[in-house]
Amino acid sequence: MIDQILVALSLAATAGCLFAGFRVSGDNRRDLRILNTHRISARSAVQKSRMELLEVRNRAKLLEDTVSGGAMAVEKVHKAIANTTFGLIDMFSSDEEFRNSTRKVQQTHHEKTEQVYKAVRTTNRALHILADTLIIGKAEKRIVSKTKKAP
């Protein structure tokens, strides 16, 4: 009889331990899900910052390319108009001295316009580098500091 009572008590103790184990296991799973959610959320915020930085970089590059391409297009149109004008003067002018003078003016005009458009492209590049250094550099530093603080 005592053996049966001891077996019953052992079985009850084992059942209690199993119940407690399952309960602790369930609590641990819940806590791990919460922890994983927080980890994913933190990584998501860092990833979002990185994507925003990438978008800023892409927009800056697009702006630089747009200004550069626009300046190139305007330069080509300018040259075409100038060449047409100087060509018509050369074609319809009867005075040789006037033609020579016009050719000198044309050469000077082309040199100066090349210098102006080169200055536009150089300034565009310099502004892009400055913006990259000031704006994007600060954003990168902010993201790196947040990444180091994140768990």
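D27 is partly exposed, at 34% relative accessibility. In this predicted model, D27 pairs with R30 in a salt bridge, and the closest N and O atoms lie 4.0 Å apart. Both residues sit in helix α1, which spans residues 2–92. They are 3 residues apart, so about one helical turn separates them. R30 is also partly exposed, with a relative accessible area of 42%.

R30 has a further partner. D31 forms a salt bridge with R30, with the closest N and O atoms 3.8 Å apart. D31 is partly exposed, its relative accessible area being 40%.

Where do K79 and E114 lie? K79 forms a salt bridge with E114, and their closest N and O atoms are 4.0 Å apart. K79 belongs to helix α1 and E114 to helix α2 (residues 96–149), so this pair ties together parts that are 35 residues apart in sequence. K79 is partly exposed at 29% relative accessibility. E114 is partly exposed too, with a relative accessible area of 43%.

E75, K79, E114 and R121 are linked in a network of salt bridges.

| Salt bridge | Closest N and O atoms |
|---|---|
| R30 and D27 | 4.0 Å |
| D31 and R30 | 3.8 Å |
| K79 and E114 | 4.0 Å |

Side chains of opposite charge can pair when their charged atoms come close. The cut-off used here is a side-chain nitrogen of Lys or Arg within 4 Å of a carboxyl oxygen of Asp or Glu. By this rule the model has 11 salt bridges.

Technical notes: Residues numbered from 1 in each chain as written. Predicted model: local features only at pLDDT ≥ 70, side-chain atom pairs only at ≥ 80, totals over all residues. Heavy atoms only, no water. Helix = DSSP H or I, 4+ residues; strand = E, 2+ residues; numbered from the N terminus. Buried < 20%, exposed > 50% of the residue type's maximum accessible area, 1.4 Å probe, protein only.
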